[in-house]
Amino acid sequence: MYKIYVLLIAALAAWNFGIPELRAQQSEWVIYPDMKTITDIAQEGDFLWITSTGGVAKLNRHTLESTLLTKANAGLPDHNIWTIAIQPDGKKWFGTQFHGLMLLDNNEWTVFTSENSPVRVPYPVVQGNNVWLRGNGDTLIHYDGQKWEVVDMSTVTEGVDKIGFPYGTNSSLWVGISSLSGGANSVGTAVYHLSNDTWSSIPLPSGMSITTITPVASRNGALWFYGADKEIGQVLMRYDGTWTTLSIKDIGFAVKAYLLTIDSTGRLWLPSVENVIARYDGTTWQTLDLKNTPLDSANITSMFTDSDGIVSLAS
């Protein structure tokens with residue numbers, strides 16, 4: 001069975017990273033009851049919505065009271081749920097393993113599959129009241145609340161070979177594009193930004209040979225990407241009008257960059273494949289060994305920071 005572990009950022013901040021005897025003593029852990037494999041976490045006001053391969057849990061962040069939604073008690077079309085996106089008006093979108101894309105609106109479920117929509121890859125992101133998904137080949141899928149639209153990205157940029165997973169904020173959509181055609185103007189990859197119905201290209205940092213780039217997190221007006229560079233390997237890249245690049249090699253071990261989360265003070269948190277958490281405070285990387293904690297020897301499958309600065313780790 002799998003659990004979700006919640007710990008206070010304040011307690012983590014007090015930990016002296018690198019001194020084992022302080023780790024277990026100064027941590028504050030709340031362990032959520034067993035679920036199956038937890039896949040994603042999202043916040044809606046006082047609640048966390050937690051998706052898993054065994055249904056959807058709604059957890060009160062303050063009282064820790066919870067409800068598990070299943071086929072039996074909530075008419076859930078599919079228990080195997082991989083991701084969640086919540087719109088400002090409360091509509092909830094779930095990407096599933098077997099039943100396409102599910103919408104929960106006022107306790108009613110609607111299922112979108114390839115039979116009644118253009119949905120192919122059911123990993124939704126929200127941009128205000130718009131929902132976006134990656135399509136096949138060089139397309140994105142857009143839903144405005146009334147109708148579906150297939151957006152051909154080859155009309156936006158030349159030489160599109162592969163579109164990454166999009167990332168949405170309240171007002172913008174971001175997507176990384178691979179362009180391997182080798183044309184005269186091909187740079188290998190590109191970042192495109194949609195705002196006010198207009199697409200624009202974001203120039204990548206000069207002097208780098210980025211081969212892939214994917215937007216993964218945002219905080220305080222800055223967007224974070226992870227990618228790969230031919231020379232320095234995996235990188236994290238911050239964009240706030242200018243680029244800042246961090247080499248993941250500096251951490252000293254392999255991390256799950258796609259699980260990047262950012263706390264209320266702007267610090268980065270990354271789980272590793274070696275039972276260690278990395279934290280970046282804007283200047284240096286620090287590491288937190290999870291030995292002698294409830295997450296000892298655990299495989300972290302999701303990581304989330306809520307509006308109160310509380311970190312949730314799923315295992």
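Q: Which residue stands opposite G227 in β22?
A: In this predicted model, where local features need pLDDT of at least 70, side-chain atom pairs count only at pLDDT 80 or more, and totals for chains, interfaces and linings use all residues, the residue opposite G227 is V235 in β22. Residues are numbered from 1 along each chain as its sequence is written, and side-chain values use heavy atoms, with hydrogens and water left out.

Q: How many bridges join β21 to β22, and how do they run?
A: Seven bridges join β21 to β22 (residues 233–239), and the two run antiparallel; strands are DSSP runs of E with at least two residues, numbered from the N terminus, and two strands pair if DSSP finds at least two bridges between them. β21 and β22 form a hairpin with three residues between them.

Q: And what about β20 and β21?
A: Those strands also run antiparallel, joined by eight bridges, with T214 standing opposite Y226 in β21. Their hairpin has two residues between the strands, and N220 takes a positive phi near 55° there.

Q: Is β21 mostly covered or mostly open, and how many of its residues are buried?
A: Strand β21 (residues 222–229) is mostly covered, since six of its eight residues are buried, where buried means under 20% relative accessible area with a 1.4 Å probe and protein chains only.

Q: Switching to D89, where does that one lie?
A: D89 lies in the loop between β7 (81–86) and β8 (92–96), and D89 is partly exposed, with a relative accessible area of 43%, the class between 20% and 50%.

Q: Which residue is 40 residues apart from D89 in sequence, and how far apart are they in space?
A: That residue is N129, and the C-alpha to C-alpha distance between D89 and N129 is 7.6 Å.

Conventions:
Helices (H or I, at least four residues) and strands (E, at least two) are DSSP runs, numbered from the N terminus.
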